[in-house]
Amino acid sequence: MYLFTRDQMGHKPGNRNYEQDIVFITKHNKWVLKFIGIWPFVPKGIARFLTKIIIGICYIVLFFAIMPCILYMVFEEEDTVTNLKLMGVMSFTVSALLKYRLLTARKPVIKDCIEQVYIDWIQVEIPKDRQLMLKYGQVGRNLTIFCSVFMYSGEVLYYLILPYAIGTFIDEHNRTIKPVIYPTYSVLFDVQTSPTYELTYIMHFMCGCVTNTITAGTCGLAALFVTHACGQIDVILSHLNDLVHNEYIQKTSILDRRFMNIIEHHLRILRFSAAVDFILREICLVELVSSTCIICLLEYYCITDWEQSNTISLTTYTVLLVSLTFNIFILCYIGDLLMEKTSSVGQSCFMIEWYNLPRKTIQGLVLVIAMSDSPATISAGSIVDLSLSTFLNVLKTSVAYLNFLRATVT
């Protein structure tokens, strides 16, 4: 049921409710990431090959949709507006493929971070600390649910409702043309014949499931890790506030041991945050660039469908626009939250009654304040740190591209 057993971890449980707590914060992430073979688990028997099989199937359905559609856009389709329509879905699919490749490459680090999350929940002993962790665990859980709902709602509209709303039509050669999600290069195979059309549609729908799961899984994983780090930082701040109680000041050995535990805990969270940034660095860069372009294209689709009074297409593209905007907002929000939380440690060190502490402990607090001057961040390719200002820049850039696109096409 769990990723690691108590014996494998080698840590004595301090939290009697750790099993329920772990299930509460990781359940939805586990559902999503298991679907694409990213969530690590202890393999037994034939299950050792299950993850590799799932990853192989995901790559097959992604390439099955991408390659024929790119060939179709290059060699067959000559209409600019149609190519713009295809460019949006292809950009989303190609970016999902890149993110999936990065996720599979980072699986060992993801496993280490998930193990650290489990260990922290097992070792928590003070009920107050558990409540602080549950507070941020609830935030991460809600963000994962919201992102998944938005992404899968857009998939249902785009991959199921929109094609049948378009319906079949007769072309100039008196052939019945059935709607396809990803048009295919006719030299490879004729998608309009049966059962080729049915098989192709199933593969395209599976591709939609994979791409939306990759996007929701990436966002959920980032939310899980960052909110866990924020919860741990709140635990550190709580321990700092309790550090100056008279009962501990009178016993220097107890005070030193408590302060040493705080420093070790702080360093462990900083290392954890650095590992999370390593996992998400290139993924966030792909997400940032692709979201800017795709949001611009979706805005263009919404405007053209509004002018043509195409209600179903307008609804579909509006939901997709909201989904992608919310997705990039979550990444920027949690990046801003992590930055704010890690920098608040230094401020809390200054705000406590540090003047009542021994001289050596005060010197240690100065070092903690110095470390907080360089807060942990989630960066996009080590180029730009994700924050709410970054999110605003994405929206501004997408609108600027939209104006350029409308002036160019029209």
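Helices (H or I, at least four residues) are DSSP runs, numbered from the N terminus. The model is predicted, so local features need pLDDT of at least 70 and side-chain atom pairs pLDDT 80 or more, while totals for chains, interfaces and linings use all residues. Residues are numbered from 1 along each chain as its sequence is written, and side-chain values use heavy atoms, without hydrogens and water.

**View 1. The largest nonpolar core has 114 residues.** Such a core is a set of buried Ala, Val, Leu, Ile, Met, Phe, Trp, Tyr and Cys residues joined through side-chain atoms within 4.5 Å; buried means under 20% relative accessible area (1.4 Å probe, protein chains only). Tyr-100, Tyr-182, Phe-225 and Leu-240 have the most contacts inside this core. Helix H9 (residues 252-307) gives the most to the core, with 21 residues.

**View 2. The largest cavity has a volume of about 210 Å³.** A cavity is a set of points, on a 1 Å grid over the protein atoms alone, where a 1.4 Å probe fits but cannot get out; lining residues have an atom within 4 Å of a point. A volume is the space filled by probe spheres set on the points, which are joined across faces, edges and corners. Of its 18 lining residues, Val-89, Phe-92, Tyr-158, Leu-298 and Leu-320 are the closest to the centre. Helix H6 (127-166) supplies the largest share, six residues.

**View 3. The second largest cavity has a volume of about 50 Å³.** Its lining includes Trp-121, Arg-141 and His-228. H6 and helix H7 (196-242) each supply at least two lining residues, and the largest share, four residues, comes from H6.

Definitions and conventions: Buried means under 20% relative accessible area, exposed over 50%, partly exposed in between (1.4 Å probe, protein chains only). On a 1 Å grid over the protein atoms alone, a cavity is a set of points where a 1.4 Å probe fits but cannot get out, and a pocket is an open set with protein on both sides within 12 Å along at least five of seven lines; lining residues have an atom within 4 Å of a point.
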